Amino acid sequence: MQFRMLGPLQMYDDRRRAATELTSPLQQRLLKALLAHPNTLVPASVLVRELWGGRPPHKAGNALQAHASRLRRAMERAEPGGPGAARLVARDAGYLLRVGPEELDSARFRLGVRRARALAGSDPEEAGLLLRQALSRWRGDALAGPRGPAGDALAVVLEQERLGALEAVFDLSLLTGQHRRIVPELREAVLAHPARPRFREQLGRALAGPRVTPPAGGGRALRPVPPAPGDARSGGAGRDGGAGSGELDRLRALVERIASDQHALRSAIAQLSELVGRTAA
C-alpha cells in the first residue's frame, strides 16, 4: 500500500489500484501526524494536541484510542489481506505507524530528485526529465485538508521541496534551449508564487529566448543558432559596417549566453543538492 501525501491524503492499494480517503477529519489529523514521524513512537499527549489542540475532550486518552482503532480498521479496508492491523501499533502510551520508504509518495519524489542531481552535471536534459517525472507525483497541495501542527510542518517542508525542484527543472530547461516550452508554466508559477523572485527571473530569460541551442541528442556542447539574413550576427554590416564587427558581436553574444547557461547549471545543481541535503537530514 502507498500513503499518498503529495496532495489530499490517500491510502492506495497497488494490487487493486484503488484509493481510499479518510472521511473523518480527526482520523486525517491522526494519520498525518503519524506520517510526519514514520516508524517512530509518537506520545499520546502529542497526538491529543494534534487532534484537538488546546481543547481536548474529557477522557482524551480514551477518545484517542477510539480514533486509532477506527484508523486501523480503515487501513485494513484500504488494503484487504494486507498488514493493516500490524501497521498501527499501540505501545508505551503512544502510537507507532509502520511504513516502508517505498510506501510513501514523498520518498519516491525525493528519490527522483536525487537521481536528477546525479545527472545534472553530465546530462542536464535527462536530469530535467527525471525531475518532471518526480514532480508528476504531485496531485495538489501537500496533505491538503484537516491537519494539526505536525501535519502543517510536514506540508511546509514538502511544498518547499516541490518549489525547489520546479526552479531546478526550469533552470535545466533553459540550459537545454526549451525556452518557449516553459513560458506558460513559468507564468503560472509567477502568479501562484509572487514572493519567489527566481520564477520571475526565469520567466524573463524564457521570454528573451535562446541565443544558442543544444545539439541534437542532448549532447553537452552548445552551438550557435544560425543568424537570420541581414542580422548583424550573420557576418554582414555591423555597427561600423564591417564584417569583422558583426562576427565579433556574434561571438560576444555567444560567450555571454554560454556563461549564463553555466550559471543556470550551477544554480540547478545547487538547488538539487540542497533538496537532497534536506531529505537526508
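Rings of Phe, Tyr and Trp (for Trp, the six-membered ring) form an aromatic pair if their centres lie within 6.5 Å; planes under 30 degrees apart count as stacked, over 60 as edge-to-face and the rest as tilted.

## Basis

This is a predicted model, in which local features need pLDDT of at least 70 and side-chain atom pairs count only at pLDDT 80 or more, while totals for chains, interfaces and linings use all residues. Residues are numbered from 1 along each chain as its sequence is written, and side-chain values use heavy atoms, leaving out hydrogens and water.

## Aromatic pairs

The whole structure holds 2 aromatic pairs. Phenylalanine 109 and tryptophan 138 form an edge-to-face pair, 5.8 Å centre to centre with 85° between the planes. Phenylalanine 109 belongs to helix 5 (residues 105-120) and tryptophan 138 to the loop between helix 6 (124-135) and helix 7 (149-175), so the pair ties together parts 29 residues apart in sequence. Helices here are DSSP runs (H or I, at least four residues), numbered from the N terminus. Phenylalanine 109 is buried at a relative accessible area of 1%, and tryptophan 138 is buried at 12%; buried means under 20% relative accessible area (1.4 Å probe, protein chains only), with exposed over 50% and partly exposed in between.

Phenylalanine 170 and phenylalanine 199 are also edge-to-face, at 6.0 Å centre to centre and 75° between the planes. This pair links distant parts of the chain, with phenylalanine 170 in helix 7 and phenylalanine 199 in helix 9 (residues 197-208), 29 residues apart. Relative accessibility is 1% for phenylalanine 170, which counts as buried, and 0% for phenylalanine 199, also buried.

## Helix 7 and helix 8

The axes of helix 7 and helix 8 (residues 179-192) come within 10 Å and cross at roughly 155°. Axes are lines fitted to C-alpha atoms, for helices over the stretch in contact, and angles run from 0 to 180 degrees between N-to-C directions. Helix 7 is therefore roughly antiparallel to helix 8 (under 35 degrees is roughly parallel, over 145 roughly antiparallel, 65 to 115 roughly perpendicular and the rest oblique).

Phe170, Ser173 and Leu174 of helix 7 make the contact with His179, Ile182, Glu185, Leu186 and Ala189 of helix 8, contact meaning heavy atoms within 4.5 Å.

## Helix 1 and helix 2

Helix 1 (residues 25-35) packs on helix 2 (residues 44-52) at an angle of about 135°, with the axes 9 Å apart. Helix 1 is therefore oblique to helix 2. Leu26, Arg29, Leu30, Ala33 and Leu34 in helix 1 meet Leu47, Glu50, Leu51 and Trp52 in helix 2.

How values were computed: Helices (H or I, at least four residues) and strands (E, at least two) are DSSP runs, numbered from the N terminus.
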